Amino acid sequence: MRKYGRQHAQATKRKAGYDTESDEESRKRSKPAPAPLPSPTKIPRDLSQIFDELTAPVSPSASPGKVAKRMLGRSKTESSIESGDSPSSSLSTRTPSLPTILSPSASVSRPAPPLPLPTLSFSQPSTPKRSSSSKRTYAGKSRSFLVALPVEGTTEDPTLTRESYSVLRERWGIDISEDDPFSSVASASNSNVSTPSASPKKGKSRRPAINPLKSQSELKHKGETQRFLDEVGYLLEGMDTDAGAGLRRTSALDIANHLGDVEFSRKAKAADFIGQTWDAFMETDIGTGADKLYDIIFTFFAAVISRDATSLTDVARRSNLPSTSDSSDSQFSATLFSLLNRSNDPLEILDSEKLPDGPLRKIGIKKNDSTLLKSIHSSIRKTSLFPRHTPLSTHLLVTHTLCALPPTFLSTTHLPSLLDSLRSHLHSRKDIDTTRNLLRLLDSYLLGQWRDDQSRELLDDARGEWLLPGLVSFAVKNETALQGEDCMDMILRVLVSLTHGDEKWCGQVLKHEAGPLFVMRTIARADSLRHEKAKVKREEESNIEEADARLLDRLCLALALFTNLVQEVHEAKDVLRDLLLDPSCTACLTRCTCSQPTSALNVLVQVYLHQLLPVDPQVKPELDPEPFAASADASFLLGHLSVLFGLLMKGSEDNQMIILDRLGGQRRERIDGMVENAAELAAFYAVISGRDQTEGLESRIEREGSKGEDVAKDVIKFLMELRNS
């Protein structure tokens, strides 16, 4: 009974509460229509307690409830406003009303109308100030119940007007691809949508219609590039200036090792990783000598990227230093030249010494640094940049990169550094590969390929002091060495450039005790080897074309050097006539002491006769082009020798007698042959110099071709006079 009594009492209370709640709802619904707005002179009613009449909201469920649906459906509700007599009674903004939150038992089919808001009168239209006791709702100012309403004829608050999705997408470039070539055009046209009230049509860009979809290869390339940068990003972070010296060295060495791999190098080139690595090097004062091992790693990095001409050129054009942005000199080449004259090279000591620990300690390389230096040495060997037994040094890495660099990035301001390094290497006579690279750089300078104006003052000052003696001595010492052939060819090229049109240089070469004999011995040996190889069948010797081309170049260079001497110095005709040598001798370096020497003029005549090889006229060039190629080479040599003979015979009867007697045959026939050969050489020079007239171009080759044509024509004129005499 007690239990039943308690349950009955609780039910009665719930029923009473329900009836009370129903009465309140009925009173609200039966409430009369709102009265007209009070006049502007009345004080507005305090509405701060308006929410006290509302019941507590229902807790949200897992799915959107009825209250949430009403809130989304009634984001903006217009309220009826009765305008006053005075125009100042109108409000300047529009306010969305707050949806009514009902109790759980209330009906949700019809929302309650919003409460009317009073108006205030001011001297000028503006947004009315709300009382300090007003409260804001959960959604901020844009959904507040107490925001003032707009009136016709006034400007809307731009913060209350929502932009359409099309305007927002156009503003933020949602539909524009990162690789869109017209993005700049779109950004310029998007300036029309800077205000929210602007029409979407005005903000549309005038870009041409493009396909917004990317191809599969494009997406794949972009993804691979980004993944590659994510994988190797830690290496660049390790090269920051804030990192320690050990971490910078290790990170830079890892990058150089990875670039030795072809696949990694390809990805690094596509992701601009090589350029970013160069920027990281420049931020750490590379080339100043503060960290010798770090400088060696940089030269290793430069030598590795020199295998790809495009990557090397991109790095040479790149500079992240503001002070050098306007400079015509390449910061990359300037850094390499600064490392060219460093003495006490740790890498060279490690490679040349059997016990390098002692010498390394003397130059400040500690034991821990020696371990890293050995790792660098091993990494360079693994990349196969140089042959296996090539002595490694920092100078070799630097000169190897400079030779691969386009000459337009080399400035003449670095010529003193080049000459100082060349002087030390010519004196030591040890590092043949580095000396060859230095000679290649000097040759490109003499050909006018470097940037800025070329000046030969430094070369003239060094001519008699060390340059000419050093070049000739180095060539004589490595004349018979297999590794010194390239150096000897480069020395001949440099001497030809130095003696061309320079009487002082020609005089110094003639006065050198070993100079004329070295040049004549080079001519005799090169011709002898070419004549022997011409008798050997092609199947019996490998790489015969390359070897024959090298011998032909060497022979032409030596003949060009003699031609320069004869043209510039008249005494050269007598010097060559009195010069005696044995072509088969290799022991006599400064003066031939053999039992059966012969005159240098006889050696030149013998070379001329070796080129007179008959060619079978029945053999067609398309079936067997080798005899005709040999005939073309022989024709060029015959023309060159004919011009040289004409210069030697002009003004010297003794030379005329020796040369014409050694050629054999009838005097007129021999001179006619030389005239014909010289005419072919003049025609060859005419073709070269003719480019200047047809294409409007001017270069050193074309100018020299014009000079060579004039010299050949003068010789032809002299030979014809000699024939008719």
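Let me start with a term: buried means under 20% relative accessible area, exposed means over 50%, and partly exposed is in between, using a 1.4 Å probe and protein chains only. Hello everyone, and keep that one in mind as we go.

This is a predicted model, so local features need pLDDT of at least 70 and side-chain atom pairs count only at pLDDT 80 or more, while totals for chains, interfaces and linings use all residues. Residues are numbered from 1 along each chain as its sequence is written, and side-chain values use heavy atoms, with hydrogens and water left out.

Let's begin with Ile286. Ile286 sits in the loop between helix H9 (273-282) and helix H10; helices here are DSSP runs of H or I with at least four residues, strands are E runs of at least two, and both are numbered from the N terminus. Is Ile286 buried or exposed? Its relative accessibility is 8%, so Ile286 counts as buried. Setting aside neighbours within four places in sequence, Ile286 is in contact with Phe281, Tyr294, Asp295, Phe298 and Thr335, where contact means heavy atoms within 4.5 Å. Thr335 is 49 residues away from Ile286 in sequence, yet their C-alpha atoms are 7.5 Å apart.

Phe298 brings us to Phe332, because Phe332 touches Phe298 along with Trp278, Ala302, Leu312, Val315, Ala316, Thr401 and Leu405, again not counting residues up to four places away in sequence. Phe332 is also one of the residues with the most contacts inside the largest nonpolar core, together with Ile523 and Phe645. That core has 154 residues; a nonpolar core is a set of buried Ala, Val, Leu, Ile, Met, Phe, Trp, Tyr and Cys residues joined through side-chain atoms within 4.5 Å.

Now for some helix packing. H7 (245-259) and H10 (residues 292-305) pack at about 20°, with axes 9 Å apart. Axes are lines fitted to C-alpha atoms, for helices over the stretch in contact, and angles run from 0 to 180 degrees between N-to-C directions. That makes H7 roughly parallel to H10; angles under 35 degrees count as roughly parallel, over 145 as roughly antiparallel, 65 to 115 as roughly perpendicular, and the rest as oblique. On the H10 side, the contact residues include Tyr294 and Ile297, and on the H7 side they include Arg248 and Leu253. By class, this contact divides into 11 nonpolar, one polar and two charged residues.

What about H17 (residues 415-428) and H19 (residues 457-477)? They pack at about 30°, with axes 10 Å apart, and are therefore roughly parallel to each other. Among the residues that meet are Leu419 and Arg423 in H17, and Trp466 and Phe474 in H19.

Asp242 lies between helix H6 (216-238) and H7, and at 78% relative accessibility Asp242 counts as exposed. Its C-alpha is 9.6 Å from that of Thr284, 42 residues apart in sequence.

Most residues other than glycine have a negative phi. Asn344 is not a glycine, but has a positive phi of about 55°. Asn344 lies in the loop between helix H12 (331-338) and helix H13 (346-352), and is partly exposed at 48% relative accessible area. Ser384, also not a glycine, has a positive phi of about 60°. Ser384 is in the loop between helix H15 (367-382) and helix H16 (394-404), and is exposed at 58%.

Conventions:
Nonpolar A, V, L, I, M, F, W, Y, C, P; charged D, E, K, R; others polar.
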